[in-house]
Amino acid sequence: MWYNNILETIGDTPMVKLNKIAKDIPATVLAKIETTNPGNSIKDRMALKMIEDAEKSGKLKPGGTIIEGTSGNTGMGLAIAAVIKGYKCIFTSTDKQSKEKFDALRAFGAEVIVCPTNVEPEDPRSYYSVSSRLEREVPNSWKPNQYDNLSNSQAHYESTGPEIWEQTEGKITHLIVGVGTGGTISGTARYLKEKNPAIQVLGIDTYGSVFKKYKETGIFDKNEIYPYITEGIGEDFLPQNVDFSLIDHFEKVTDKDAALMTREIARKEGIFAGNSTGSAVAGLLQMKDKFKEGDVVVIIFPDHGTRYLGKMYNDDWLRDRGFIKEEKLTARHIIGKKESQEIVTIDCEKTVLEAINTIKSLNISQIPVTQKGMVIGKITESDILDSLIENPGIKSQPVRNISTAPFPFIDLNTSIDKISGMINKDNIAVLVEDDNGKIEIITQYDIINAISA
């Protein structure tokens with residue numbers, strides 16, 4: 001069997017049970033994996049539906065230009081459909097979105113205009129306003145307006161909802177969806193609640209968005225609005241696609257929890273998903289008391305992790321925002337990576353010849369020199385060689401005659417950067433006392449071993 005074009009592969013996405021990450025949830029938790037759509041996101045469904053409905057109504061004409069404000073995924077769905085159907089695309093987006101999203105849109109021939117995030121929707125610089133202006137200025141253009149175009153939610157009523165109902169054999173008890181335009185949650189919820197009104201629909205919101213307070217109080221509070229990092233969910237206005245009557249509860253998730261959970265999903269479930277998926281799963285865990293044994297919880301996984309490689313999957317990006325701590329290696333880490341062995345020392349009254357024999361037999365290059373068990377100096381291969389060249393008879397003399405200043409002692413919490421700076425051609429090791437009072441020696445090799453382990 002084959003398909004006539006890539007658009008025919010949209011939908012029929014798999015359902016996958018979550019195991020490790022949902023181990024403390026008594027219910028069965030299933031992920032609806034939308035990354036298998038051709039544009040790697042759930043937005044392919046509604047992008048195609050909006051275009052088809054616009055073609056039927058005559059709003060989108062042959063050779064036309066599609067102009068839309070999009071964070072990337074809707075744009076991808078529209079761009080793919082435009083390639084097949086022969087349209088041009090111009091997209092406006094915000095500067096908080098990942099560069100990978102813009103690059104992907106441009107790969108399909110779309111033009112992308114990046115607008116500032118921290119402005120009101122009515123501001124002429126906002127990505128909503130810029131897309132509306134372009135629709136007025138560009139001949140034969142059409143703006144889908146995914147936020148207020150009800151073809152968005154209708155797409156999920158016609159496809160996502162029925163798929164979930166069939167895949168769970170009608171056993172679904174809870175639906176968890178991140179809410180942005182509102183199309184996915186509202187269309188899917190409408191279908192599922194028609195099948196079973198008892199199904200609980202749980203929307204995931206972010207701090208800085210108006211949805212949760214509006215649902216609970218009916219008040220549109222502008223004080224709730226402030227910039228946030230999480231992508232794909234939350235809004236500073238009320239899209240017509242958000243049907244609050246179908247959503248039983250909103251759960252807010254922090255930017256930090258969303259970002260860190262995005263990474264955890266990949267590491268614990270092997271599913272490479274995007275930022276809003278991290279929000280949804282973090283929300284699931286926050287709401288664990290809502291679920292009981294026998295429940296079947298379905299979470300929408302809207303898009304793919306490749307769109308977030310420069311952000312949630314980048315340690316430096318996370319550190320810059322304080323989401324993860326700077327964890328530098330210390331002396332404690334280095335000695336923890338070493339094989340446990342007694343440090344070799346030599347008493348200052350032993351002869352240089354004995355020191356030479358010890359170095360040869362143990363294949364080492366330096367030995368701390370002790371007096372009554374206390375480290376008072378060191379002797380190295382180069383010390384011995386320099387002394388022998390100058391005076392071959394030095395072999396019979398005590399080690400203290402050629403020993404040099406001892407290796408410096410450091411604290412267990414000394415950072416690897418500082419240790420590296422202390423080790424050089426004149427000082428080839430440092431000493432550290434472990435938690436049990438045992439002296440350990442750290443060389444350049446030990447540092448390399450700890451870093452590469």
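Which residue in the turn of the hairpin formed by strand 15 and strand 16 has a positive phi? I looked it up and found Gly437, with a phi of about 85° and 5 residues between the two strands.

A note on ground rules before I go on. I am working with a predicted model, where local features need pLDDT of at least 70, side-chain atom pairs count only at pLDDT 80 or more, and totals for chains, interfaces and linings use all residues. Residues are numbered from 1 along each chain as its sequence is written, and side-chain values use heavy atoms, leaving out hydrogens and water.

I see strand 15 (residues 429–433) running antiparallel to strand 16, joined by 5 bridges; strands are DSSP runs of E, at least two residues, numbered from the N terminus, and two of them pair if DSSP finds at least two bridges between them. Ala429 has Thr443 of strand 16 as its bridge partner. Strand 16 (residues 439–443) is mostly covered, with 4 of its 5 residues buried (buried is under 20% relative accessible area, exposed over 50%, partly exposed in between, with a 1.4 Å probe and protein chains only).

**Cysteines.** I then checked for disulfides, meaning pairs of cysteine sulfur atoms within 2.5 Å, and the count came to 0. Cys89 is in no disulfide, as its nearest cysteine sulfur, that of Cys115, is 16 Å away. From the Cys115 side, the closest cysteine sulfur is likewise in Cys89, too far for a bond. Cys89 counts as buried at 8% relative accessibility, and Cys115 is buried at 4%.

**Phe108.** My last stop was Phe108, in the loop between helix 3 (99–107) and strand 5 (111–115); helices are DSSP runs of H or I, at least four residues. Phe108 is partly exposed, with a relative accessible area of 37%.
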